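Hello,

Here is the structure I promised to hand over. Please open it and keep it beside this email while you read.

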Amino acid sequence: MKSSENIKNDKLLTIALPKGRIMKETLKLLERAGIDTSFVSSTDRRLIFEDPKEGLRFMIVRGQDVPTYVEYGAADLGVAGKDVLVEQARDLYEPLNLGIGACRMVVAEPAELKEVDNPSLWTHIRVATKYPEITTKHFLSKGIQVEIIKLYGSIELAPLLGLSERIVDLVETGETLKSNGLVEVETIMEITSVMVCNRASLKTRPRRIKEFLERLSAVI
Ligand code: PRP
């Protein structure tokens with residue numbers, strides 16, 4: 001195992017991947033681009049995978065932490081959802097939209113409320129969400145005061161349990177909303193996963209990063 005000093009100093013291109021489905025889809029894209037990722041295993045407990053021959057290192061991290069690793073230069077590149085990037089507003093380049101993980105961020109409420117509700121009359125609402133910054137900005141821009149209930153998952157439970165009538169959350173197939181008696185009121189933004197890049201890395205290793213991104217963009 002390398003020391004953290006070695007990890008920082010060597011020349012491997014370091015890419016932060018979010019655990020789970022997006023990681024698997026990113027590895028598939030890389031394989032299609034002719035980049036060997038067979039040394040990366042999504043089943044064992046290691047969090048760093050290196051292939052000196054390919055000059056690559058992958059770090060497996062929580063999706064919300066990818067922008068942090070890349071902004072601080074612990075990784076040169078990373079894969080992050082637009083939802084996380086907009087929420088965190090970090091200082092990063094976003095050179096390539098990977099087109100994976102497509103979904104949308106919506107405002108939703110119980111179906112029976114929607115029948116009698118008129119969003120154009122909202123002046124003050126309470127909303128449960130994982131995205132307090134995006135939610136606050138969205139409603140303030142419409143002149144609506146918003147009280148945020150910050151949750152970390154299973155947001156669709158909030159209306160069922162009386163925490164809040166409305167939620168802001170991601171929708172892909174719509175199944176989770178439907179199964180919990182909720183319907184969409186409006187879309188806030190379309191989401192996909194994008195490749196982010198550390199600003200200093202782009203200046204110090206421009207050719208390596210450009211070549212990597214070009215190979216990837218050819219298969220998107
Ligand atoms: C996400 C999202 C919704 C669900 C939407 O949750 O927050 O709950 O997927 O998908 P659907 O429209 O296809 O049903 P995730 O599975 O990431 O878990 P979480 O509730 O813990 O955030």
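Start with one side chain. F212 is in contact with L13, I15, L30, I35, L56, L77 and M195, its neighbours within four places in sequence left aside. Keep in mind that this is a predicted model.

**The cores**

F212 belongs to the largest nonpolar core, which has 28 residues. Together with L77, M195 and L216, F212 touches the most other members. Which elements supply at least two residues each? They are β1 (13-18), α2 (21-32), β3 (56-61), β4 (77-81), β5 (93-110), β9 (182-197) and α10 (206-217). Helix α2 gives the most, with 5 residues.

Now look at the strands. There is an open sheet of 9 strands with mixed pairing. The order runs β2-β3-β1-β4-β9-β5-β8-β6-β7. Which are the edge strands? They are β2 (48-51) and β7, and each pairs on one side only. Neighbouring strands are turned by 20° against each other on average, with direction ignored.

To find one of the partners, go to I100: its bridge partner in β9 is S193.

**Helices across the strands**

Helix α6 (residues 132-140) lies across β5, β6 (124-129), β7, β8 (166-171) and β9. It runs at about 165° to β7. Helix α10 lies across β1, β3, β4, β5 and β9. Its angle to β5 is about 60°.

**Two backbone angles to check**

Most residues other than glycine have a negative phi. Two residues here go the other way. A89 is not a glycine, yet it has a positive phi of about 45°. Look for A89 in the loop between α4 (82-88) and β5. S154 is not a glycine either, and its phi is positive, at about 45°. S154 sits in the loop between β7 (145-150) and α7 (157-160).

Are these residues buried or exposed? A89 has a relative accessible area of 61%, so it counts as exposed. S154 has a relative accessible area of 54%, so S154 is exposed as well. The cut-off for exposed is over 50%.

Best wishes

Notes
Residues numbered from 1 in each chain as written. Predicted model: local features only at pLDDT ≥ 70, side-chain atom pairs only at ≥ 80, totals over all residues. Heavy atoms only, no water. Core = buried A, V, L, I, M, F, W, Y, C linked by side-chain atoms within 4.5 Å. Buried < 20%, exposed > 50% of the residue type's maximum accessible area, 1.4 Å probe, protein only. Helix = DSSP H or I, 4+ residues; strand = E, 2+ residues; numbered from the N terminus. Contact = heavy atoms within 4.5 Å. Pairing = 2+ DSSP bridges. Axes fitted to C-alpha atoms, helices over the stretch in contact; angles between N-to-C directions.
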